[in-house]
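Reader: I'd like to go through this model with you step by step, starting with the ligand and then moving on to the sheets and helices. Could you show it to me, please?

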Amino acid sequence: MTLEVRGLTIRIGDRTVVDDVSFTVPDGGRFGLIGGSGSGKSLTVLAILGLLPDGADATGSVLLDGVELLGAPERRLARVRGSRIGTVFQDPQTALNPLRTIGRQLAEPLRLRGRLTRTATRAEAVRLAGLVRLPDPGRVVDAYPHQLSGGQRQRVAIGIALALSPGLLLADEPTTALDVTTQAEVLGLFDRLVADAGASLVFVTHDLAVLAGITREVLVLSEGRAVERGPVAQVLAAPQHPVTAALVAAARATSFGAGEGS
Ligand SMILES: Nc1ncnc2c1ncn2[C@@H]1O[C@H](COP(=O)(O)OP(=O)(O)OP(=O)(O)O)[C@@H](O)[C@H]1O
């Protein structure tokens, strides 16, 4: 699906926290949003979903395949969120319900969409568990979130996001809470699944090194404003804005520093 964000401006009280941000993600395209803490990344994602916090007011335009989402009725937004846009957020601990089995949560989007028999629902949950490479899918569907590792829980969250084959995926710091090795595994899986699904992707992170393997295009936000944009490789090689330069330095320190003596 094509996502066009045009002139998105978000105000909370008398503060403008996102200021005239525009970007386009073509059908099947991938786009990175990067910036430091408080730069407006999460609010941009929430505005696309129609899930801004109370007191936040958004103007501009969010078009999904040409259909305006900003200011659309909640019923329509809920339908779009349920079926056309999948989301993966930072903390799988809070995204999952501790009292429900993994299988029930994997199958929840399908259950909401239509009537499925018990057997069909379970089969679909097992299929999704296998898709996200959870160990022993036939058994893991009966487990509860606390019985899984952080990386496994995030795999479940990715499975839920992909359950209805959405045309657009929004991932907000999906691997930030994981240790480095797990982060690489989950990112690799996510990368493959998004490609297989042919979905468009908006990937939010504060870590340019993470983004480099996932998207080609990036937009840098600082204090709610777009300060730089372009291909990730080019931005990494020759950052133009001081904020971008700081993000590049941080990325080099974490991912290239140790082994290369730089
Ligand atoms: N519910 C809210 N009420 C008031 N201000 C808010 C609210 N949510 C966010 N803000 C403010 O809006 C600005 C942008 O927040 P946002 O969460 O989009 O930043 P972010 O780039 O996602 O940061 P982080 O990487 O820390 O999550 C920040 O200054 C934040 O304090």
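Reader: Which helix gives the largest share of the shell around the ligand?

Author: Helix 1, residues 41–49, supplies the largest share, with three residues; helices (H or I, at least four residues) and strands (E, at least two) are DSSP runs numbered from the N terminus. Please keep in mind that this is a predicted model, in which local features need pLDDT of at least 70, side-chain atom pairs count only at pLDDT 80 or more, and totals for chains, interfaces and linings use all residues. Residues are numbered from 1 along each chain as its sequence is written.

Reader: Okay, and which residues are around the ligand?

Author: They are Ile12, Val17, Gly35, Ser37, Gly38, Ser39, Gly40, Lys41, Ser42, Leu43, Pro53 and His206, where a residue counts as near if its C-beta atom, placed from the backbone, lies within 6 Å of the molecule. By class, the shell holds four nonpolar, seven polar and one charged residue; Ala, Val, Leu, Ile, Met, Phe, Trp, Tyr, Cys and Pro count as nonpolar, Asp, Glu, Lys and Arg as charged, and the others, Gly among them, as polar.

Reader: What is the strand order in the open sheet of four strands?

Author: The order is 2-1-4-5, with antiparallel pairing. Strand 2 (15–25) and strand 5 (67–68) are at the edges with a single partner strand each, so one side of each has no neighbour in the sheet.

Reader: Switching topic: at what angle do the axes of helix 7 and helix 8 cross?

Author: The axes of helix 7 (residues 150–162) and helix 8 (residues 180–197) cross at roughly 15° and come within 10 Å, with axes being lines fitted to C-alpha atoms, for helices over the stretch in contact, and angles running from 0 to 180 degrees between N-to-C directions. The two helices are therefore roughly parallel to each other, a label for angles under 35 degrees.

Reader: And the other sheet, how many strands does that open sheet with mixed pairing have?

Author: That sheet has six strands in the order 6-7-8-3-9-10. Within it, strand 7 (residues 168–172) and strand 8 (residues 200–205) pair in the parallel sense over five bridges, and Ala171 stands opposite Phe203 in strand 8.

Technical notes:
Two strands pair if DSSP finds at least two bridges between them. Angles under 35 degrees count as roughly parallel, over 145 as roughly antiparallel, 65 to 115 as roughly perpendicular and the rest as oblique.
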